[in-house]
Number of protein chains: 2
Amino acid sequence: MKKISVLAAAALSLAAVSANAQVKDDFIPSETVQHGKQFPAVNSEKCVRVKVNAPDAKSVQLDLGGKKYDLVKGEDGSWVGESGPQDEGFHYYNIVIDGAVVPDPTARYFYGSSHWTSGVEVPAYDGDFFAVKNVPQGQIREIYYWSEVTQAMRHCFVYTPAEYEYSYTKRYPVLYIQHGGGENEYGWAQQGKTAQIMDNLIAERMAVPFIVVMECSDASLPGAQAGRPQGRPQGGAPEGRPQGGMGGFDMSAMFATYDRVMAEDLIPYIDRNFRTVADNAHRAMAGLSMGGMCTKAITLNHPELFSNIGIFSGGTITVQDADITPGFRQTNKLVFVGFGSRELENRVPGFGDGTDPKEETEDVKASGVNAHFYVSPDTAHEWLTWRRCLYQFAQLLFR
Amino acid sequence: MKKISVLAAAALSLAAVSANAQVKDDFIPSETVQHGKQFPAVNSEKCVRVKVNAPDAKSVQLDLGGKKYDLVKGEDGSWVGESGPQDEGFHYYNIVIDGAVVPDPTARYFYGSSHWTSGVEVPAYDGDFFAVKNVPQGQIREIYYWSEVTQAMRHCFVYTPAEYEYSYTKRYPVLYIQHGGGENEYGWAQQGKTAQIMDNLIAERMAVPFIVVMECSDASLPGAQAGRPQGRPQGGAPEGRPQGGMGGFDMSAMFATYDRVMAEDLIPYIDRNFRTVADNAHRAMAGLSMGGMCTKAITLNHPELFSNIGIFSGGTITVQDADITPGFRQTNKLVFVGFGSRELENRVPGFGDGTDPKEETEDVKASGVNAHFYVSPDTAHEWLTWRRCLYQFAQLLFR
């Protein structure tokens with residue numbers, strides 16, 4: 001009750017600054033506001049309002065979802081304005097002040113589009129599955145480890161379930177999970193809500209407890225030009241086609257160094273320093289978008305390491321993949337393919353290798369693979385799709 | 001060698017954008033740049049250069065160390081400029097674009113001055129003690145826990161030493177360490193470099209392994225107005241005096257709710273979920289600035305919980321404190337007081353309760369307390385002072 005009255009008071013106060021009579025004035029601060037701040041805020045029509053103090057600026061815009069919305073200057077020197085309705089879930093955005101693209105000074109920051117930028121959370125009807133709740137809490141652990149392959153210290157996050165702290169003899173399966181293009185190892189730890197999704201599933205006994213490792217697929221051999229993948233891979237799907245497309249480039253070459261980091265450094269490090277079940281039956285890899293392509297490249301290259309595969313908005317495993325990959329049909333235990341419904345609706349002819357991912361998944365299932373296809377309702381190529389994919393995938397894993 | 005040549009190439013490339021002939025053109029990207037970015041950069045004279053793309057702006061400034069430096073617009077629409085020489089260590093800063101105070105779009109972000117803002121690291125002559133090195137690596141664990149006192153989930157970070165992962169029966173002492181005014185639980189985990197300082201000390205056998213808990217002292221009872229302390233406490237030291245001053249306000253009232261959170265929720269949670277030695281001899285509390293005052297208030301209120309005290313730029317423990325606090329002289333094992341040399345140089349008459357912190361510490365030592373006084377060379381009220389304080393304090397703890 002207390003919480004509701006605080007939110008109601010906040011909505012009243014936000015109403016006072018409305019700059020647009022057509023916008024429904026029931027804005028509530030997004031969960032991504034900085035402590036004590038009120039913007040970005042979201043109304044019941046899923047519009048996002050921002051407020052930026054820029055007394056001497058000529059122009060201030062909200063840059064969200066591929067559109068720029070002009071803000072209006074008020075008497076106090078602050079610029080206020082709203083986006084159109086957004087899909088539910090998490091969205092990156094920028095503020096543009098006289099041509100300068102900057103983070104919103106009152107929002108929390110997240111890594112996407114190859115920089116740290118603002119994020120806003122549009123409440124989802126099913127948001128309970130990734131909410132922070134008073135259930136036994138796992139931990140996200142920040143770790144540096146030495147890579148012989150890259151000859152450098154590398155940085156990753158590891159989720160451990162709540163019971164890991166006191167089950168001193170029990171060993172756990174491990175999921176390695178990858179971010180998308182222009183993102184990094186912070187993606188699943190922050191906007192991905194991995195800890196909340198896992199804690200809530202485990203508390204409800206809907207998933208078996210397992211470890212989740214979040215690393216960045218950017219990796220360069222010593223002496224090579226450093227540089228993280230910027231958005232879609234070179235030579236990838238043509239402009240205008242979904243980022244999940246996979247046709248026309250050599251995935252195994254693109255992820256060759258990270259493949260070696262995983263096989264030679266990361267997996268051995270995790271198996272030495274955590275109580276893991278260190279075999280392929282108890283090891284999974286999954287990823288979103290470019291991370292799904294990375295997952296496909298590395299898991300098909302290493303059936304001896306991975307028996308469980310998740311691809312979120314990043315292609316499929318085909319009958320041909322299953323047939324030509326040595327050891328795949330003997331060792332694979334699970335293939336999960338997920339997309340947002342809007343990605344499938346917007347699919348243009350020639351998407352990926354020219355086939356339908358649902359049909360491909362049904363075909364590979366008919367050929368004997370334990371394959372699952374999932375569609376996230378009313379979401380596009382964005383984080384709510386991938387949170388839901390993890391939520392579904394985790395329930396199938398290591399059973 | 002490889003790293004040196006990369007840095008040299010970067011310095012050459014940065015030289016090309018110089019806007020000020022008087023500034024020495026050997027800038028190297030700060031460790032706080034975003035991946036693949038080149039600014040903020042620092043030269044051998046410890047000046048900080050930034051570059052901000054703002055093609056339509058009328059004015060862009062660098063706001064660093066209490067001064068605003070005008071940037072100069074180049075032909076490419078980017079604004080470039082430098083600060084004067086800075087002290088070594090970590091500094092918060094902002095960019096001001098036509099009156100709008102925003103984070104630097106190419107820097108990493110840190111929480112200080114009650115918002116997420118940019119940070120720059122000016123290399124320190126002794127920076128090796130907080131560098132990421134290939135030594136056994138501890139972990140920073142992100143944790144949510146339920147507070148009965150505030151009736152809410154709370155957020156903290158916990159450092160565990162490398163050996164914690166495999167020493168299944170060993171139990172460890174715990175240090176609770178507090179941020180300063182306008183900061184939060186991220187301070188010691190990020191700009192404080194707690195994991196690196198501890199890992200390096202433990203690897204050199206200069207400190208015994210212990211756990212470090214980083215929480216935020218902002219805490220409100222259910223129904224109370226929420227709000228983190230904003231800068232110096234109300235009723236605190238007069239303007240123009242060091243923030244470390246302690247005269248004139250009731251510390252125990254200011255930190256009363258956090259005192260209860262620690263005693264009733266946080267310490268029991270840590271003792272239940274980590275392998276701690278759960279007694280006052282093996283428990284310490286320390287803090288910087290306002291966090292030092294918080295430490296003093298809570299440790300003097302709870303000699304049954306804490307036998308070890310660290311106060312960094314936040315006052316002292318006096319003979320009177322030791323005399324009037326029931327149980328203090330029986331249980332206290334260590335008092336550590338540290339300041340930056342520039343804080344002491346700039347000390348004005350009437351600082352705190354009107355006495356000299358070094359004299360106070362010597363007096364309390366002469367009265368029988370195991371007290372230590374430390375001065376960080378050539379630093380002010382900033383993070384390098386506090387990193388050095390932790391480095392010194394940790395070597396004395398739990399011996």
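**Entry 1: a strand pair in chain A**

How many bridges join β6(A) to β7(A)? I looked it up in this predicted model: two bridges do, and the strands run antiparallel. A:K73 has A:W79 as its bridge partner in β7(A). My note on names: helices (H or I, at least four residues) and strands (E, at least two) are DSSP runs, numbered from the N terminus. Two strands pair if DSSP finds at least two bridges between them.

Before going on, I wrote down the ground rules. Residues are numbered from 1 along each chain as its sequence is written, and chains are lettered from A and ligands numbered from 1 in the order in which they are written. Local features need pLDDT of at least 70, side-chain atom pairs count only at pLDDT 80 or more, totals for chains, interfaces and linings use all residues, and side-chain values use heavy atoms, with hydrogens and water left out.

**Entry 2: the sheet around that pair**

A reminder for myself: strands of a sheet pair through backbone hydrogen bonds, either parallel or antiparallel.

**Entry 3: strands in chain B**

Next I checked β2 (residues 41-42) and β3 (residues 48-53) of chain B, which are antiparallel and joined by two bridges. B:A41 sits opposite B:R49 in β3(B). The two strands form a hairpin with five residues between them, and B:K46 in the turn has a positive phi of about 70°. On to β7 (residues 78-82) of chain B: five bridges join β3(B) to this strand, again antiparallel. B:V52 has B:W79 as its bridge partner there.

**Entry 4: salt bridges**

A:E88 is in the loop between β7 (78-82) and β8 (89-97) of chain A and A:K46 in the loop between β2 (41-42) and β3 (48-53), so the pair ties together parts 42 residues apart in sequence.

**Entry 5: where the chains meet**

How many residues does each chain bring to the contact? I noted 50 from chain B and 50 from chain A, with contact meaning heavy atoms within 4.5 Å. The buried area (accessible area, 1.4 Å probe, that two parts lose on being put together, summed over both) is about 4200 Å², and carbon and sulfur atoms give 54% of that. In chain B, the residues losing the most area to chain A are B:H35, B:W116 and B:Y168, together 14% of what that side buries.

Two salt bridges cross between the chains. I looked at A:E165 with B:R141, whose closest N and O atoms are 3.0 Å apart. β12(B) gives the most to the side of chain B that touches chain A, with seven residues. Three bridges join β12 (residues 139-147) of chain A to β12(B), antiparallel, and A:E142 has B:I140 as its partner.

**Entry 6: symmetry**

A turn of 180° and a shift of 0.0 Å along the axis give an RMSD of 0.0 Å. The two copies are thus related as by a two-fold rotation axis. B:R141 comes closest to that axis among the residues of chain B, at 2.1 Å (C-alpha). I also noted that 100% of the interface residues of chain B are interface residues in chain A too, so the copies meet through the same surface.

Conventions. Salt bridge = Lys/Arg side-chain N within 4 Å of Asp/Glu carboxyl O. Least-squares fit on C-alpha atoms with pLDDT ≥ 70 in both.
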